[in-house]
Amino acid sequence: MPSPRSSRERRAGGSGGRLEFLSLSQRGPAVPDSPSRRREPPAAAPLPEEDCMKLNPSFVGIALSSLLAIDLWASKRLGVCAGEGSAWGSARPLMKVIEVSGHGIPWLLGTFYGLCQSDSSAAREVLLNLLFALLLDLVMVAVVKGLVKRPRPTHNKMDMFVTISVDKYSFPSGHATRAALVCRFVLRHLVLAVPLRVLVVLWALIVSISRVMLGRHNMTDVLFGLVLGYALYSVVEHCWLSPLNAPALFALWDH
């Protein structure tokens, strides 16, 4: 005969099992995490605009990029006098003499001195307009350089003769602009024999080529400089100074 204690234990165990079963059945099925509760990964930061590849570049953009790459490559290959250790480094002193011959300061000082020493009214008229052309050239080149702000070639050695602030920029070549302007001016207003006229043209070409050989400029800087200098002469011709339209200027040089 079972004892009262063992009966109570069995009843307690049974009721405990029923309570545990009820507690499990009342919990209900597990509710999955809602999407709003999930932690979203942080959004990736957008790439800089210059790092984004343009999937549909324009034909003009491709052409300009290709021309720029060719210009930089060819200019570096032709910079044979950019340094003493370059392919033609021994010719660098000669190239620097040619550089000085196309510099603005010698031309301005020489023209001003000739204007002061001249006794002929015709000569003073030519020299005064040459001085005007040289000043116009300096202003236009400085303005374009300040607007474009193209840096000089990386292989350039900054040892130029008398530089100013805008000379750290490369486009256009002031030497090439001045060479084209002076060449056209001299051929038009000075009476020279044929050999001298050929020498003037050769000087302008050599000055322009030396800019690339010295590593001062890229090829497009020189080409644009020649075009600009050629066009500036037309401006000088259109605004030609004479005793009729600028008598005050000519009165300053009358002895």
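**Exercise 1. The ends of helix α5**

Which residue just after α5 takes a positive phi, and of about what value? Determine also whether the span of α5 agrees with its number of residues.

*Solution.* The structure is a predicted model, in which local features need pLDDT of at least 70, side-chain atom pairs count only at pLDDT 80 or more, and totals for chains, interfaces and linings use all residues. Residues are numbered from 1 along each chain as its sequence is written, and side-chain values use heavy atoms, with hydrogens and water left out.

Step 1. Helices are DSSP runs (H or I, at least four residues), numbered from the N terminus. Helix α5 covers residues 121-148.

Step 2. Just after α5, K149 has a positive phi of about 55°.

Step 3. At the start of α5, a side-chain oxygen of S120 comes to within 3.4 Å of the backbone nitrogen of A122. This is set against the limit for a polar contact: N or O atoms within 3.5 Å, where within protein one must be able to donate a hydrogen and the other to accept it, and residues adjacent in sequence count only if both atoms are side-chain atoms.

Step 4. The expected span of a helix is 1.5 Å times one less than its number of residues. The 28 residues of α5 should therefore span 40 Å, and the end C-alpha atoms are 41 Å apart, which agrees.

**Exercise 2. The aromatic cluster**

Identify which residues the ring pairs link into a cluster, and classify the pairs.

*Solution.* Step 1. Rings of Phe, Tyr and Trp (its six-membered ring) pair if their centres lie within 6.5 Å; planes under 30 degrees apart count as stacked, over 60 as edge-to-face and the rest as tilted. The count by this rule is four aromatic pairs.

Step 1. The ring centres of F185 and Y233 are 6.1 Å apart and the planes stand at 90°, so this pair is edge-to-face. F185 is in helix α6 and Y233 in helix α8 (residues 219-238), 48 residues apart.

Step 2. F185 is buried at 3% relative accessibility, and Y233 is buried at 4%.

Step 3. F185 also pairs with W240; this pair is stacked, with 6.0 Å centre to centre and 25° between the planes. W240 lies in the loop between α8 and α9 (247-252), so the pair with F185 in α6 ties together parts that are 55 residues apart in sequence.

**Exercise 3. Cysteines**

How many disulfides does a search of the whole structure find?

*Solution.* Step 1. A disulfide is a pair of cysteine sulfur atoms within 2.5 Å. The search finds zero disulfides.

Step 1. C81 is buried, with a relative accessible area of 0%. C183 counts as buried at 10% relative accessibility.

Terms used:
Helix = DSSP H or I, 4+ residues; strand = E, 2+ residues; numbered from the N terminus. Buried < 20%, exposed > 50% of the residue type's maximum accessible area, 1.4 Å probe, protein only.
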